[in-house]
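Reader: I am new to protein models. How do I read burial and packing?

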Amino acid sequence: MLTSITDGILCCLTGKAASLVMPVESSEPADTFEFVEVKPGRVLRVRHIIPERQSSVVTEEDQVKEPEQEKGSGSNNSSSVHCKRKITVYRNGQLVIENLGDVLHSQILQCQDGDLEPCSTVEVELADYKEVPTSPEPKPAPPLPTVGDQKPAAPPRRRHRKPKRTLMIDSEREISSCKGTHSDVALFFVHGVGGSLDIWGSQLDFFSRLGYEVIALDLAGHGASTAPHITAAYTFYALAEDMRAIFKKYARKRNILVGHSYGVSFCTFLAHEYPDQVHKVVMINGGGPTALEPSLCSIFQLPSCVLHCLSPCLAWSFLKAGFARQGAKEKQLLKQGNAFNVNPFVLRAMMSGQYWPEGDEVYHAELTVPILLVHGMYDKFVPMDEDQRMAEILLFAFLKVIEEGSHMVMMECPDTVNTLLHEFFLWEPDMSKKDTAKTDPDKTVTVNGVVVQTPKPNKPMDK
């Protein structure tokens, strides 16, 4: 700690960085890593594990077309789900989502076959977590008390509200089971601020042994990737373009994105940009569906030299808030995963660069990909209600809470997370229950301040 304080004082006096912004050396064998230059001078470390069943050389044609041995085998049978919803935004900030197609249950246990529930209407307030009224229209005033034969006053007329904008989504999505034996499936793992691809060690080993092709990367300035000494290199848009380049290089026909914390935003970006290629998404402690905006009062707005002095305290705070327990095992996990082991300049630039106004509730409501939400019960960074809010906004969302975990749940409970993710990869909707779904047209249920109205079910689709 004394060394950190000394380096920080020298940094303040000289105006120079306390140390060069260099990538962290990895203890893993070099032959399992690739270094990809996404832009001139901007090199990212990527761990790409190809199962033995595939050729050591993967051509671009192999990434697009399905292997011949998979055709006609029945292993890629998929279920077609009708994705139709109307999204209306009013000028008072109210968001009304009408689900007019097939909607899967919002929660699943052990990722069993999910049956279909009727269409519904969800009404929420944009970026507001308080309870909302049960009707998008204002309620009429109660009738005045009558005196003698005097007639009660007529209720005021409802004013017709004009929406600010209306979006209509109407498409068919194929959802299928993704097995390790399917050579057209690829898994992408994206870490958050202060992490590295090493935090996914248990997941990479587990799924590669099952035959999956896995890809994990170090974001710029993290792990063994290069760290440009310029603030603009760490904005959300700069990092998102890095993710686009990596995705386009390694993407297969069916791709599953797994993101943690800030990495969830990049998975959301890719799922929105490439809806036909992104087959499923996993969001681990990613927070609510709100637009990103850096906090002006955050400790990370302090100068880099001050953050360098505070780095031991910040590391301890991260250990205390990121793990449910703070024992020797957790400290070792933090060290092995290179978590929160980044240069203070990079850390400050990453926190101040989290500006993404497009990623609001409407942006998330437009997603039609099935999404598994994983939340650690003891997470002190992301409250539970944020992930619940996310589950309410998304079309196909499954929320699973792990009671023993915190923010770094994939490191704390690797077996639980691996099993949950694998079951979600294998999951596909059971369309046989579609025609039998029934509901009470007058039934109204309020969950977490969100009103869900269940009208009469639509007619079954022609088979």
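Author: We will take a helix, then the cores, then one arginine. Keep in mind that this model is predicted.

Reader: Where do I start with helix α5: is it enclosed or open?

Author: Count its buried residues. Buried means under 20% relative accessible area. In α5, residues 263-273, nine of the eleven residues are buried, so the helix is largely enclosed by the rest of the structure.

Reader: Which residues of α5 are buried?

Author: They are Gly263, Val264, Ser265, Phe266, Cys267, Thr268, Phe269, Leu270 and Ala271.

Reader: What do the buried residues of α5 pack against?

Author: Look for partners among helices and strands. Here the strands are β9 (185-190), β11 (254-260) and β12 (278-284). The helices are α4 (236-250) and α10 (361-365).

Reader: Which residues touch the most other members of the largest nonpolar core?

Author: Tyr234, Ile246, Phe266, Val281 and Leu373 do, in a core of 53 residues. Helix α4 gives the largest share of this core, seven residues. Apart from it lies another core, of 41 residues, including Val81, Ile199, Phe207 and Val282.

Reader: What is Leu373 in contact with, leaving aside its neighbours within four places in sequence?

Author: Its contacts include Met283, Asp387, Met390, Phe398 and Lys400.

Reader: And Arg389: is it buried or exposed?

Author: Compare its relative accessible area with the 20% cut-off for buried. Arg389 has 5%, so it is buried. Arg389 lies in helix α11, residues 384-393.

Reader: How many residues separate Arg389 and Thr290 along the chain?

Author: They are 99 residues apart, yet their C-alpha atoms are separated by 9.6 Å.

Definitions and conventions. Residues are numbered from 1 along each chain as its sequence is written. This is a predicted model: local features need pLDDT of at least 70, side-chain atom pairs count only at pLDDT 80 or more; totals for chains, interfaces and linings use all residues. Side-chain values use heavy atoms; hydrogens and water are left out. Buried means under 20% relative accessible area, exposed over 50%, partly exposed in between (1.4 Å probe, protein chains only). Helices (H or I, at least four residues) and strands (E, at least two) are DSSP runs, numbered from the N terminus. Contact means heavy atoms within 4.5 Å. A nonpolar core is a set of buried Ala, Val, Leu, Ile, Met, Phe, Trp, Tyr and Cys residues joined through side-chain atoms within 4.5 Å.
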